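Hi,

Here is the structure I promised to pass on.

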Amino acid sequence: MTGRFPGLVDVAIVGSGPTGAAYARILSESAPGATIAMFEAGPVVSDPPGAHVKNIADLEQRGRAQRASQGPSSSAETVTSPGAVKAGQRSGRPGTHLLERGYQAEGEDGLPVAAMSTNVGGMASHWTGACPRPRGSERITFLPDLDDLFDEAERLLGVTTDAFDGSPFAEIVRSRLAAVVDEGRQPEDRVQRMPLAVHRRDDGNLVWSGSDVVLGRASTENPHFSLFPEALVTRILLDDGRAAGVSVRDLQTGDTVDIAARFVVVAGDAIRSPQLLWASGIRPEALGRWLNDQAQIVFATRLRDVAAAGQGVEAAGNSTGLGEYSGVTWVPFTDEQPFHGQVMQLDASPVPLAEDDPVTPGSIVGLGLFCAKDLQASDRVEFSGDDVDAYGMPVPSIRYTLTDRDREVFARAAERILVLGRAVGDPLDERSFRMPLGSSLHYQGTTRMGVDDDGESVCDTNSEVWGAAGVHVAGNGVIPTSTACNPTLTSVALAVRGARHIAAQLAG
Ligand SMILES: Cc1cc2nc3c(=O)[nH]c(=O)nc-3n(C[C@H](O)[C@H](O)[C@H](O)COP(=O)(O)OP(=O)(O)OC[C@H]3O[C@@H](n4cnc5c(N)ncnc54)[C@H](O)[C@@H]3O)c2cc1C
């Protein structure tokens, strides 16, 4: 032992979000004798560790958990749900913290509200849990086992489609959208319930999946698995081009120690995984490049002709007041309509309504269309030697520009969302709104996967970094395609593949 840490493990995992947790789970199931240490820079904010903070019924306690996840910005003001970030406003969502600087280079679009979470569970202690499978060009064509990996990722994340079946008006929303969307589409591309990482307990309350669910009992009851909160990995150690361990700064004591490991999994999010690789001198040409965010067009509408049907309807989210929304519908991406639609029935209005006009829960409908980015190698997160962030790590600087094709897609999405919104009800506003770049919280590409070490990818199809054997990357940064759909299911699926690869070597 070195302080509270072991001196030697088989696998060191950096980051406790759902992709790091997926490695721990698959390794615990498939290589039960292997020693696994998970290092997380942030604190434990929920019980069990990694649980979604929305499962905390007490709102004050939940607020404390969110603030404790906000790293150096624990006292910063955050946007209130279901309100949207306004143009020009730089506020994070509760539980997240923004880049303090370096988010927009002069003359570029930047990612002004690029954010992260620093807590046991990562962003998945705060997420919405939407877990759609990618469609058409969003899919990774070079992985023959992709659908099997999605099945496994759904198992790990506890994905369901029926948790909101009792919600008021969900069927009405779906049928009105279907009337303007479904014609000519394959059955799997039609309007449907959004797959969500949530389940309803026998007492009717919702339980949102966080990393606790991904870890599962297989990891938490594994005597060879340990989770270390408030432990920042500052460097990956290599020996002759192979993983040899990690340097860890104990944020409780300030001490830094080296821990030997046969495999290192870097699951630190799409900004901080490249940061750690860069700080460790592991710098494949594509590191930090091909950065892409899913720009989001939003619009709100109010269900028409449902007031009488909704009388007496209670917020369906949870009897403990956990619900902000009570139904999520999916309008899948297609290559012809390259937007991913997430349609949420809200229990409150995002815009002020007249005082004598109470909202029937579920009758305000927030529509969001996520757009896939026109990928460019020049969109990137970069680092320089001297400047450090609040954790003493190299400061990330974002270089990011929209292309003409991006603007064309946004214009089409803005038109499309009006069609969808008007089909569902009476718009609350005349125009749609494009959220500030970065607000999707879905950043991809910075540690991207590829088939060849051709300078356009950082890792191979098992997520093993080119030229650094035994070092794996995990998270949305690994996704190589331009996607519009929520990415976590995909990045957990890719983590499953990488973990199986490590398990096979540990067994061999
Ligand atoms: C409000 C909100 C809503 C969202 N909704 C959805 C949704 O509906 N669907 C969807 O697919 N996605 C959604 N997301 C995004 C989703 O949460 C992320 O895609 C997912 O959590 C990524 O998992 P990860 O394991 O790669 O990284 P993260 O969850 O970001 O976890 C990374 C962890 O690594 C830690 N870390 C980083 N560097 C170091 C280091 N050097 N040493 C130690 N620890 C380190 C960080 O502190 C962090 O806890 C949402 C996110 C938020 C905040």
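This is a predicted model: local features need pLDDT of at least 70, side-chain atom pairs count only at pLDDT 80 or more; totals for chains, interfaces and linings use all residues.

Residues are numbered from 1 along each chain as its sequence is written, and side-chain values use heavy atoms, with hydrogens and water left out.

The protein chain has eight helices and 22 strands (DSSP runs numbered from the N terminus: H or I of at least four residues for helices, E of at least two for strands). Its radius of gyration, taken over C-alpha atoms, is 22 Å, close to the 23 Å from the globule rule for 508 residues, so the chain is as compact as a globular protein of that length. That rule is 2.2 Å times the number of residues to the power 0.38.

Now the ligand. It is surrounded by 35 residues, the closest being Thr19, Glu40, Ala130, Asn476 and Thr488 (near means a heavy atom within 4 Å). By class, that shell holds 14 nonpolar, 17 polar and four charged residues (nonpolar is Ala, Val, Leu, Ile, Met, Phe, Trp, Tyr, Cys and Pro; charged is Asp, Glu, Lys and Arg; the others, Gly among them, are polar). Strand E9 (231-239) and helix H1 (18-30) each supply at least two shell residues, and E9 gives the most, with three.

On to the voids. Working on a 1 Å grid over the protein atoms alone, a cavity is a set of points where a 1.4 Å probe fits but cannot get out, and lining residues have an atom within 4 Å of a point. Points are joined across faces, edges and corners, and a volume is the space filled by probe spheres set on them. The whole structure has four cavities of 30 Å³ or more, and the largest cavity holds about 100 Å³. Its lining has 16 residues, with Thr161, Phe164, Arg193, Met194 and Val328 nearest the centre. Helix H4 (170-181) and strand E14 (325-331) each give two or more residues to that lining, and E14 gives the most, with three.

Cheers

Note on methods: On a 1 Å grid over the protein atoms alone, a cavity is a set of points where a 1.4 Å probe fits but cannot get out, and a pocket is an open set with protein on both sides within 12 Å along at least five of seven lines; lining residues have an atom within 4 Å of a point.
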